[in-house]
Amino acid sequence: MANTIEIEGQVRDEFGKGAARRMRVAQQIPATIYAGGADPVFVKLPMKETTLGLRRRNALFTIKYGADSKMAVVKDVQRNPVKRIVEHIDFYEVKAGEKIEVEVPVFAVGLPKGAAVAFVDIQRLPVRADVSNLPERIDVNVDGLESGAKVFAKDLNLPEGVELSSTDPEESVVTVEVPEDASASTASTEGTEAGAEGEGSAAEGGQAETAETESK
């Protein structure tokens, strides 16, 4: 679940590429906090602490600037395509007790039976949850499941207070099956073993026939 990350920032009064470049040199990230119906707030945030905070998916930020502060979630992150450093962040202001929709990555955990493998059909699942209780990931237990098994959205064990948003409850989230290459490899191995047994039998038959001819 998301924990609140507190960031101490400053009001931003410079704009444009030149200002953004100077902020990055000073190890700061320009950011904008949007709120429904209100004017956005422009801030600059410490690069190290903010970048570390961004590693937490669906994290809840408390951003302080001067005497004010806002609680917000990340809306969009712009990164340099080459250096991959964060160049700008858009936040969306939220209120305590508010429920919002977020996308959560899905992971299959555990080992299916035999050569079966778990395939995640829905990589990111849209859910609704309280801003103080946003999940970072959804784990689907596939331990011991056999090939052909499916885990549907309705079968997910979601954290308390988290609900599916726009996903069909009957939609498959994870499928367990034996990969085609594994099946082909098994069949090839079995065929090779059967062929070796056949060759052995034929060789034994040839030796018996030769011995019989020599005895005559």
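Analyst: Start with the largest pocket: strand E5 gives the most to its lining, with 6 residues. Helices (H or I, at least four residues) and strands (E, at least two) are DSSP runs, numbered from the N terminus. The model is predicted, so local features need pLDDT of at least 70 and side-chain atom pairs count only at pLDDT 80 or more, while totals for chains, interfaces and linings use all residues. Residues are numbered from 1 along each chain as its sequence is written, and side-chain values use heavy atoms, with hydrogens and water left out.

User: How many helices and strands does the protein have?

Analyst: The count is 3 helices and 13 strands. Of the contacts in the protein with a separation of 6 or more, 64% are between residues 24 or more positions apart; contact means heavy atoms within 4.5 Å.

User: How is a pocket found, and how much space lies in the largest pocket?

Analyst: Rolling a probe the size of a water molecule over the atoms shows where empty space is left. On a 1 Å grid over the protein atoms alone, a pocket is an open set of points where a 1.4 Å probe fits, with protein on both sides within 12 Å along at least five of seven lines; lining residues have an atom within 4 Å of a point. Points are joined across faces, edges and corners, and the volume is the space filled by probe spheres set on them. Here the largest pocket holds about 510 Å³. It is lined by 19 residues, and Arg 57, Asn 58, Val 74, Lys 75 and Arg 124 are the closest to its centre. Strands E5 (68-79) and E7 (99-109) are the elements that give two or more residues to this lining.

User: Which kinds of residue make up the lining of the largest pocket, and which domains does it draw on?

Analyst: By type, the lining has 10 charged residues, 8 nonpolar and 1 polar. In this scheme Ala, Val, Leu, Ile, Met, Phe, Trp, Tyr, Cys and Pro are nonpolar, Asp, Glu, Lys and Arg are charged, and the others, Gly among them, are polar. Domain 1 (4-94) and domain 2 (100-177) each supply at least three lining residues, with bounds taken from an automatic or database domain assignment.

User: What is the volume of the second largest pocket, and which residues line it?

Analyst: The second largest pocket has a volume of about 170 Å³. Its lining includes Arg 12, Phe 15, Met 23, Pro 30, Gln 78 and His 88. Helix H1 (17-25) and strand E6 (86-93) are the elements that give two or more residues to that lining. H1 has the largest share, 4 residues. The lining divides into 5 nonpolar, 4 charged and 3 polar residues.

User: Is Ala 96 buried or exposed?

Analyst: Ala 96 is in the loop between E6 and E7 and counts as exposed because its relative accessibility is 69%. Beyond four places in sequence, Ala 96 is in contact with Met 71 and Val 131.

User: And what does Ile 138 touch?

Analyst: Ile 138, in strand E10 (138-141), is buried at 3% relative accessible area. Leaving out residues up to four places away in sequence, Ile 138 touches Val 104, Pro 105, Val 106, Phe 107, Leu 125, Val 127 and Leu 158.

User: Where is Thr 167 found?

Analyst: Thr 167 is in the loop between strands E12 (163-164) and E13 (172-177). It is buried, with a relative accessible area of 12%.

Technical notes. Buried < 20%, exposed > 50% of the residue type's maximum accessible area, 1.4 Å probe, protein only.
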